[in-house]
Amino acid sequence: MSHIAENLAGIHRSIAAACERAGRSVDEVKLIAVSKTFPAEAIAEAAAAGQVLFGESKLQEAEPKVMALPDFLEWHFIGRVQRNKVRKILQISRVIHAIDSLKLAAYVDQVAKELGKRPLLFLQVNASGEVSKGGFSPEKLRAEFSSISTLENIEVIGLMTIPPDDDGRTRQWFSQLRELRDELVKKTGANLPALSMGMSGDFEIAIEEGATHVRVGSAIFGKRAYRVDGELG
Ligand SMILES: *Cc1c(COP(=O)(O)O)cnc(C)c1O
């Protein structure tokens with residue numbers, strides 16, 4: 001087995017163990033292999049080991065890989081979404097994880113309509129208020145969620161977060177995201193089944209706290225040689 005296949009097998013075991021601890025079914029958790037900075041060959045290797053969902057965070061980098069690889073792979077756009085890239089992002093990915101304003105959601109809705117698409121979106125929440133990270137504050141999301149819900153060409157499926165690094169409160173950020181989701185569902189009757197949270201260092205905690213989509217990069221592909229966006233290695 002290659003390292004990538006071995007690593008994937010290990011992650012699947014950890015996911016199963018976390019699900020077991022939390023009394024959840026493994027079918028409730030989707031593994032997104034975050035392939036940013038890694039070449040198409042590495043993605044092909046993961047695909048050969050059965051991995052179907054991949055996450056990329058930069059359009060210029062993702063596009064050639066998407067073109068080079070088989071159509072059955074599903075691409076999740078997990079990076080910051082720039083307005084002028086929305087059209088192309090929608091052409092390559094069905095799911096976008098980091099919608100961080102009502103304005104952006106409305107623009108994605110408009111472009112989706114023009115393209116005849118109905119993308120699945122996560123709304124990113126930045127509960128810690130870290131300036132280096134995007135996202136709605138919980139208050140802003142409470143205020144704007146109803147307006148976002150009325151947009152007809154997008155389907156908001158849940159919330160996403162990237163907690164601060166190692167602040168000792170990781171579990172708390174994850175449980176807060178779940179509670180915020182539950183609150184919005186209760187208040188508006190919206191259908192928000194998904195929670196995108198957890199990366200290589202904390203996906204097991206995220207699953208214990210209700211994650212449905214974990215975004216795991218380095219634990220599958222190895223250490224990244226360079227940083228993306230100066231945001232998340
Ligand atoms: C890079 C990245 C990940 C994966 O990070 P790892 O620590 O390598 O697992 C997850 N989510 C987002 C938004 C990222 O940018």
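1. Accessible areas, as used in this note, come from the Shrake-Rupley method with a 1.4 Å probe. On that basis the protein chain of this predicted model exposes about 10,900 Å², and carbon and sulfur atoms supply 49% of that area.

2. As to the overall fold, the protein chain contains nine helices and eight strands. Its radius of gyration is 17 Å, close to the 17 Å that the globule rule gives for 233 residues, so the protein chain is as compact as a globular protein of that length.

3. Turning to the interior, 51% of the 233 residues of the protein chain count as buried. When contacts in the protein chain between residues at least 6 apart in sequence are considered, 59% of them join residues at least 24 apart.

4. The surroundings of the ligand deserve a careful look. Twelve residues lie around the ligand, and of these K36, S200, G217, S218 and R224 come nearest.

5. Which atoms of the ligand lie 2.8 Å from an N or O atom in the side chain of R215 or from a backbone N or O atom of S218? For R215, the side-chain N or O atom is 2.8 Å from a nitrogen atom of the ligand, whereas for S218 the backbone N or O atom lies 2.8 Å from an oxygen atom of the ligand. In the case of K36, a polar side-chain atom lies 2.6 Å from an oxygen atom of the ligand. Taken alone, the ligand exposes 390 Å², and the protein buries 92% of that area.

6. I148 is found in helix 6, which covers residues 138–149. Is I148 buried or exposed? Because its relative accessible area is 1%, and buried means under 20%, I148 counts as buried.

7. The neighbours of I148 can be listed as well. Leaving aside those within four places in sequence, I148 is in contact with L102, A105, L123, F136, I154 and V156. For N84, which is 64 residues from I148 along the chain, the separation between the C-alpha atoms of the two residues is 20 Å.

Technical notes:
Residues are numbered from 1 along each chain as its sequence is written. This is a predicted model: local features need pLDDT of at least 70, side-chain atom pairs count only at pLDDT 80 or more; totals for chains, interfaces and linings use all residues. Side-chain values use heavy atoms; hydrogens and water are left out. A residue is near a molecule or strand if one of its heavy atoms lies within 4 Å of it. A polar contact is a pair of N or O atoms within 3.5 Å; within protein, one must be able to donate a hydrogen and the other to accept it, and residues adjacent in sequence count only if both atoms are side-chain atoms. Helices (H or I, at least four residues) and strands (E, at least two) are DSSP runs, numbered from the N terminus. The radius of gyration is taken over C-alpha atoms; the globule rule is 2.2 Å times the number of residues to the power 0.38. Buried means under 20% relative accessible area, exposed over 50%, partly exposed in between (1.4 Å probe, protein chains only). Contact means heavy atoms within 4.5 Å.
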